[in-house]
Amino acid sequence: MGWAIALHGGAGDIPKDLPPERRKPREATLRRCLEIGVAALKAHKSALDVVELVVRELENCPHFNAGRGSVLTTDGTVEMEASVMDGKTKNCGAVSGLTTVVNPISLARLVMEKTPHIYLAFDGAEAFAREQGVETVDSSHFITPENIERLKQAREANRVQIDYTQPIKKAPKIAPVPEGDQIGTVGCVAIDTQGNLATATSTGGLVNKMVGRIGDTPIIGTGTYANNLCAVSATGKGESIIRATVGRDVAALMEYKGLSLEDAAAYVVEECAPKGTVGLVAVSATGEVTMAYNTTGMFRACATEAGHAELGIWSSESNE
């Protein structure tokens, strides 16, 4: 069996000519976060502690759409969301509508451990954060120049966009607002040396999303799910992931059909979700790892105790 870990920084129609200034910082962060996660697993930290630790690091990186790098709503504000789940107990916690919390994933864990509930949102979640003494900052902390520009582009095009969207021509104001064609979120899954599974996911949502919109990330069973068989963290078009109940369906195919993790994930990604809408990372109770997506690429990394390690964006890349 042994420990295993996988993480993602978003999937989508990521162009293979993505400029080095956008690609390299993300790759460097994935590599660093993978190393942090591996070190924690080798130190016999629990899977739950590891996925929280790794996602906190990803939230602190302005190059990903979560925490510091969260994209902006139609009003130019941030509304962050996150969730965490322990596979052994199925305990879970989720938050959304956060505007001041530095690390939403840690607040999600506090919801799981310190309240009788699973999900807190908006003013209630912010009040709980203050009550628990978690780190908060002025909301301007999350308004990065890059995301201001993304919002400007989305407004000019009169559309909702997902991370990695390239500049597009301005659309007529009378045109309907289509779904975006790019994706971004962060997540981590792990199995520890004791055989425990856990998953954590965090995001800023969609560029130019309506205020109050909630995606798949905090909805248990869609973007985030773990039980005694596997742990899954998804990234993609939230509405598509919710409709396909991506996380739970991977686990259900393993539980009821006896599929391997790889086969279950491949079926959900290729057969259940529309092309170009979803990616996921997952680990199983046997230490199997899979990183499946039906988009052009996905920022991803993984490592196992058996010695396998991988970091990549597109399917043509080889293992490290």
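Predicted model: local features only at pLDDT ≥ 70, side-chain atom pairs only at ≥ 80, totals over all residues.
**A closer look at β11**

- Strand β1 (residues 4-12) pairs with β11 in the antiparallel sense, over 7 bridges. Here L7 stands opposite A301 of β11.
- Strand β12 (residues 309-314) also runs antiparallel to β11, and 5 bridges join the two.
- In β12, A301 has L311 as its bridge partner, while A303 stands opposite A309.
- The hairpin of β11 and β12 has 4 residues between the strands, and G307 in this hairpin takes a positive phi near 110°.

**The sheet of 4 strands**

- A second topic is the open sheet with the order β7-β8-β9-β10, whose pairing is antiparallel.
- Its edge strands are β7 (224-226) and β10 (289-293), each of which pairs on one side only.
- Neighbouring strands in this sheet are turned by 10° against each other on average, with direction ignored.
- How many bridges link β7 to strand β8? There are 3, and β7 pairs with β8 (residues 230-236) in the antiparallel sense. Across this pair, Y225 stands opposite V232 in β8.
- Helix α7 (residues 246-257) lies across β7, β8 and β9 (278-284), running at about 145° to β8.
- Helix α8 (residues 261-272) packs on the sheet as well, touching β8, β9 and β10, and its direction makes about 10° with that of β10.

**Charged pairs**

- Side chains of opposite charge can pair when their charged atoms come close.
- The count of salt bridges in this model comes to 10.
- In one of them, the side chains of E27 and R23 meet at 3.1 Å, N to O. These two residues are 4 apart in helix α1, which means that about one helical turn separates them. Is E27 buried or exposed? E27 counts as buried because its relative accessibility is 14%, under the 20% cut-off.
- Another salt bridge joins R109 and E113, whose closest N and O atoms are 2.9 Å apart. Both residues lie in helix α3, again 4 residues apart, or about one turn of the helix.
- R109 is buried at 14% relative accessibility, whereas E113 is partly exposed with a relative accessible area of 44%.
- E146 and R150 also form a salt bridge, with their side chains meeting at 3.2 Å, N to O. They lie in helix α5 (residues 145-157), 4 residues apart, about one turn of the helix.
- E146 counts as partly exposed at 31% relative accessibility, and R150 counts as buried at 10%.
- Salt bridges that share partners join D49, E52, R109 and E113 into one network.

**A nonpolar patch on the surface**

- Which residues form a nonpolar patch on the surface? They are I118, Y119 and I214, and together they have about 230 Å² of accessible area.
- I118 sits in the loop between α3 (104-114) and β4 (119-121).
- With a relative accessible area of 44%, I118 is partly exposed.

Conventions
Residues numbered from 1 in each chain as written. Heavy atoms only, no water. Patch = residues over 30% accessible without salt bridge, like charges linked within 9 Å, V, L, I, M, F, W, Y side chains within 5 Å. Areas by Shrake-Rupley, 256 points an atom, 1.4 Å probe, with all protein chains shown as cover. Salt bridge = Lys/Arg side-chain N within 4 Å of Asp/Glu carboxyl O. Buried < 20%, exposed > 50% of the residue type's maximum accessible area, 1.4 Å probe, protein only. Pairing = 2+ DSSP bridges. Axes fitted to C-alpha atoms, helices over the stretch in contact; angles between N-to-C directions. Contact = heavy atoms within 4.5 Å.
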